[in-house]
Amino acid sequence: MDNLDFLHEVEKATGEKVSTCYQCCKCTTGCPVVADMDIYPHRIIRYIILGNRDRVLGSKTIWTCLQCVTCSVRCPNDIDVARVFDALRKTSVQEGRAAENDTWRFDEIFLESVQRHGRLHEIETILHYKLDKKDLFSDSKMGMGMLMKGRLGLLPHNIKDRKGMKEIFKKIEGKKVRG
Amino acid sequence: MTLTYYPGCSLKTSSRFYEESFKAVFSFFGIEHKELEDWSCCGASAAHTIDERLGYALAARNLALAEREGRQLFAPCSACYNRSLITNKGIRENGELREEINKALYPLQCTGTVEVKNIIDVLHDHVGIETIAQRIAYDLSSIRVVPYYGCVLTRIMKMDAFDDKEDPTSMDSLIWSSGAELVNWPYKMECCGASKTLTNKDMTLKLSAKIMDMALSLGADAVVTPCPLCQMNLDLLPYLGRKDRNLPVLFLTEILELALFGTLKGTGSHIIPVDEIVKKVKKQ
């Protein structure tokens with residue numbers, strides 16, 4: 001029996017007409033990282049239409065995507081494929097099915113720094129991420145190189161209205177819904 | 001007129017020499033700018049990935065501050081430009097979103113009415129390629145460059161971009177007006193892998209190296225880009241593990257700096273040395 005629930009869920013979350021996909025494969029052929037994906041982008045779209053929730057939300061593909069938007073720009077039916085993938089990632093994290101969590105964790109740490117200072121404190125963010133991964137030294141040569149070239153600031157960049165910034169985060173996070 | 005300048009985090013840390021460079025070019029052409037008071041991070045690719053509304057709110061905070069300052073907000077970083085443009089339109093056209101975001105921003109208010117400009121826009125609108133071509137003092141004709149736009153500057157969905165989404169040419173004409181030899185190539189828009197530099201270095205290496213290899217195979221002397229993240233990824237190639245030869249990666253305003261002043265303020269900040277390029281510059 002057909003099950004359109006997942007399709008409707010994705011279309012509602014993204015505002016994209018996923019059902020208009022006619023499998024022309026343009027998204028897949030233009031993707032710069034398709035070789036690292038376990039399911040081709042056009043097939044992800046097809047699986048959404050077919051209601052294959054598990055396969056889509058557990059795929060590596062949605063985490064391999066770089067959000068370079070090549071697929072979306074080229075889609076003949078104007079489906080913003082990158083946006084669909086972005087929404088799928090959120091759902092997969094919410095349901096604890098993410099095939100990998102490195103990029104998600106990095107983004108969270110990035111935002112913690114912004115919440116604290118108002119601007120990104122690069123060194124703090126990088127070290128925090130590295131500690132989290134228990135891999136502190138793998139990129140130390142790169143880090144030193146950037147420091148020597150003046151391309152990493154040691155001190156944080158605090159904005160004046162840090163209280164206001166924290167308020168923004170608090171108000172947004174107060175009613176978290178799917179993005 | 002004075003532009004309201006939104007630096008974003010890159011132009012104050014990892015790409016500080018980009019700021020020095022555009023300031024030198026702007027002051028040469030008499031473009032005045034004032035830094036946005038108490039600006040904050042636009043959320044980059046992180047905020048909307050985690051929560052779409054947080055992405056809007058972070059970018060809207062700066063837009064709200066800018067609305068008090070003037071009509072145009074100049075964002076040289078491609079990611080800041082992209083996020084500000086998307087948010088500006090969303091807030092302007094979607095009443096429900098506007099109300100929700102403004103509740104989070106209170107007492108700040110964002111109406112989405114400033115004009116968001118990138119570096120190419122500003123150079124085209126406020127200077128113009130004829131003026132640049134007339135004012136150059138150094139001969140760059142022996143320098144072959146490939147224009148590298150990167151993905152986020154023009155690939156913005158549901159919006160009329162300032163240039164073609166797949167084959168932009170606006171930066172090409174600015175480079176041409178500097179007198180450098182412009183090489184047409186198919187990698188203008190290839191992704192450098194910026195979102196994975198820390199989380200999947202091998203992927204970034206693969207993507208950035210592909211761009212560098214193409215530039216080398218075309219006999220280019222330099223890659224020219226307006227985007228701080230693209231510049232950084234390509235410039236980091238030696239640290240990402242690439243053993244092959246690399247070409248210098250210049251900011252768009254640096255090629256103009258060479259044409260106007262014959263030197264680069266940020267020579268010492270480049271990881272891939274730029275000395276060879278600077279040596280090729282001749283007095284006209």
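How many residue pairs are in polar contact between chain A and chain B? Hi everyone, that is where I'd like to start, and the count is 24 residue pairs, both partners at pLDDT 80 or more. By polar contact I mean a pair of N or O atoms within 3.5 Å; within protein, one must be able to donate a hydrogen and the other to accept it, and residues adjacent in sequence count only if both atoms are side-chain atoms.

Some housekeeping before we go on. This is a predicted model, where local features need pLDDT of at least 70, side-chain atom pairs count only at pLDDT 80 or more, and totals for chains, interfaces and linings use all residues. Residues are numbered from 1 along each chain as its sequence is written, chains are lettered from A and ligands numbered from 1 in the order in which they are written, and side-chain values use heavy atoms, with hydrogens and water left out.

Back to the interface. On chain A, 59 residues are in contact with 58 residues of chain B, contact being heavy atoms within 4.5 Å. The size of an interface is often given as the accessible area lost when the parts come together. Here that buried area is about 5300 Å², and carbon and sulfur atoms give 61% of it; the value is what the two parts lose on being put together, with a 1.4 Å probe, summed over both. On the chain A side, M142(A), R151(A) and I172(A) lose the most area to chain B, together 15% of what that side buries.

Now the charges. Between chain A and chain B the count is 7 salt bridges, a salt bridge being a side-chain nitrogen of Lys or Arg within 4 Å of a carboxyl oxygen of Asp or Glu. K206(B) and D36(A) meet in a salt bridge through their side chains, at 2.9 Å from N to O. Several helices give two or more residues to the chain A side, among them α7 (81-94), α8 (102-117) and α10 (140-148) of chain A. Helices here are DSSP runs of H or I with at least four residues, strands are runs of E with at least two, and both are numbered from the N terminus. The largest share, 9 residues, comes from α8(A). By class, that side has 24 nonpolar, 10 polar and 25 charged residues; Ala, Val, Leu, Ile, Met, Phe, Trp, Tyr, Cys and Pro count as nonpolar, Asp, Glu, Lys and Arg as charged, and the others, Gly among them, as polar.

Let's zoom in on one helix. Which residues of α10(A) are buried? They are M142(A), G145(A) and M146(A), where buried means under 20% relative accessible area, exposed over 50%, and partly exposed in between, with a 1.4 Å probe and protein chains only. Those three cover an arc of only 95 degrees around the axis, which puts them on the same side of α10(A); the arc is that of the directions from the helix axis to the C-beta atoms. As a reminder, an α-helix has 3.6 residues a turn, so residues three or four places apart point the same way. The buried residues of α10(A) pack against α9 (201-217), α10 (228-235) and α11 (237-240) of chain B. On the face turned away from that buried side, α10(A) carries the exposed residues K141(A) and M148(A). After the helix comes G150(A), with a positive phi near 70 degrees.

Over all chains, a search of the whole structure finds 38 salt bridges. In chain B, K12(B) pairs with E35(B), their closest N and O atoms being 2.8 Å apart. K12(B) lies in the loop between β1 (2-5) and α1 (16-28) and E35(B) in strand β2 (residues 32-35), so the pair ties together parts that are 23 residues apart in sequence. K12(B) counts as buried at 19% relative accessibility, while E35(B) is partly exposed at 31%.

Another salt bridge joins R61(B) to D38(B), at 3.3 Å between the closest N and O atoms. R61(B) sits in helix α3 (residues 52-69) of chain B and D38(B) in the loop between β2 and α2 (44-50). Are these two partners buried or exposed? R61(B) is buried at 2%, and D38(B) is buried at 14%.

Over in chain A, a network of salt bridges links E9(A), R53(A), D54(A), E95(A) and R97(A). Thanks, everyone!
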